[in-house]
Amino acid sequence: MDSGKIFERLLRLANVKDIIVCLLPFQAYEGRLKGNRLGIAQDLNIDRINYNLAHELAHAYLHYDKGDTIHSERHAEYEEQADRAAEMLLDLLKTA
């Protein structure tokens with residue numbers, strides 16, 4: 001279980017990219033990135049918050065130049081890439 005250290009490190013990474021992270025009362029999503037604003041559903045446990053934060057940050061790093069990735073015909077591919085990058089990032093942070 002994360003005591004908040006992974007979350008803090010992910011927030012620092014967001015800060016490097018000038019991304020503003022907020023916990024929000026989402027109902028349809030666990031996480032969303034739009035421009036430099038990243039929202040995470042506030043009712044998630046810390047592990048889901050970390051995963052979604054890592055996933056959305058992966059989009060910021062990998063897909064920043066792809067336009068509207070949600071409505072893209074490559075949406076499934078972009079999601080898979082962000083999932084893999086998020087898992088790698090979390091694995092790294094857990095061992096640090």
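Analyst: The largest pocket holds about 770 Å³ of space. A pocket here is an open set of points on a 1 Å grid over the protein atoms alone, where a 1.4 Å probe fits and protein lies on both sides within 12 Å along at least five of seven lines; lining residues have an atom within 4 Å of a point. Its volume is the space filled by probe spheres set on the points, with grid points joined across faces, edges and corners. Of the 32 lining residues, Arg 32, Leu 33, Lys 34, Glu 56 and Ile 70 are the closest to the centre of the largest pocket. Two or more residues each come from β1 (20–24), β2 (31–34), β3 (37–41), α2 (46–62) and α3 (75–95); helices (H or I, at least four residues) and strands (E, at least two) are DSSP runs numbered from the N terminus. The largest share, six residues, is that of α2. By class the lining has 11 nonpolar, 12 polar and nine charged residues, where Ala, Val, Leu, Ile, Met, Phe, Trp, Tyr, Cys and Pro count as nonpolar, Asp, Glu, Lys and Arg as charged, and the others, Gly among them, as polar.

This is a predicted model: local features need pLDDT of at least 70, side-chain atom pairs count only at pLDDT 80 or more, and totals for chains, interfaces and linings use all residues. Residues are numbered from 1 along each chain as its sequence is written, and side-chain values use heavy atoms, without hydrogens and water.

The second largest pocket has about 160 Å³ of space. Its lining has 11 nonpolar, no polar and no charged residues; among them are Leu 13, Ala 54, Tyr 61, Met 88 and Leu 92. α2 and α3 each supply at least two of the lining residues.

As for the sheet, three strands form an open, mixed arrangement in the order β1-β3-β2, pairing being counted if DSSP finds at least two bridges between two strands. From one strand to the next the twist averages 20°. Five bridges pair β1 with β3 in the parallel sense, and Val 21 stands opposite Leu 38 in β3. α2 packs on the sheet and touches β1, β2 and β3, with its direction at about 155° to that of β3; contact means heavy atoms within 4.5 Å, and angles run from 0 to 180 degrees between N-to-C directions of axes fitted to C-alpha atoms, for helices over the stretch in contact.

β2 and β3 run antiparallel, joined by four bridges, and Leu 38 in β3 is also the bridge partner of Leu 33. These two strands form a hairpin with two residues between them, and Gly 35 in the turn has a positive phi of about 60°.
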